[in-house]
Amino acid sequence: MAYLGLSPAVQTTAMAYQDLTGGTGTSFTLDHPVGNAAEIEVFVNNVRQEPTVAYTVSGTSLSMTGSIVATDDFYVNFQLDEKIAG
């Protein structure tokens, strides 16, 4: 496909999702490693949690400051950089 002007970017951001519903406690393992708390969005019962206040993250380890119960709707959205062909 031809483009006028500059070529499109060769890098974009993709979203990945992990459902942690049914887990309990404060420590969880993530599917993807992350560098800091701003690289993920954590939701408990559809309420977004504040990074570094409600949770911390290191690699694939997610630590919640409050305990999660099995009946909580608990999930994580990842913001991953993904290369695409240009």
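In strand S4, Val-47 is the bridge partner of Val-44. This is a predicted model, in which local features need pLDDT of at least 70, side-chain atom pairs count only at pLDDT 80 or more, and totals for chains, interfaces and linings use all residues. Residues are numbered from 1 along each chain as its sequence is written, and side-chain values use heavy atoms, leaving out hydrogens and water.

- Strands here are DSSP runs of E with at least two residues, numbered from the N terminus, and two of them pair if DSSP finds at least two bridges between them.
- S3 (residues 40–44) and S4 (residues 47–48) run antiparallel, joined by two bridges.
- Two residues lie between the strands of this hairpin, and Asn-45 takes a positive phi near 50°.
- Five of the five residues of S3 are buried, so the strand is largely enclosed by the rest of the structure; buried means under 20% relative accessible area with a 1.4 Å probe, protein chains only.
- Ile-40, Val-42 and Val-44 point one way from S3, while Glu-41 and Phe-43 point the other way.

**The largest nonpolar core**
- A nonpolar core is a set of buried Ala, Val, Leu, Ile, Met, Phe, Trp, Tyr and Cys residues joined through side-chain atoms within 4.5 Å.
- Among the 18 residues of the largest one, Ile-40, Leu-62, Met-64 and Phe-74 touch the most other members.
- S2, S3, S5 and S6 each supply at least two residues of this core, and S5 gives the largest share, five residues.

**Asn-77**
- Asn-77 sits in strand S6 and is buried, with a relative accessible area of 16%.

Terms used
Buried < 20%, exposed > 50% of the residue type's maximum accessible area, 1.4 Å probe, protein only. Helix = DSSP H or I, 4+ residues; strand = E, 2+ residues; numbered from the N terminus.
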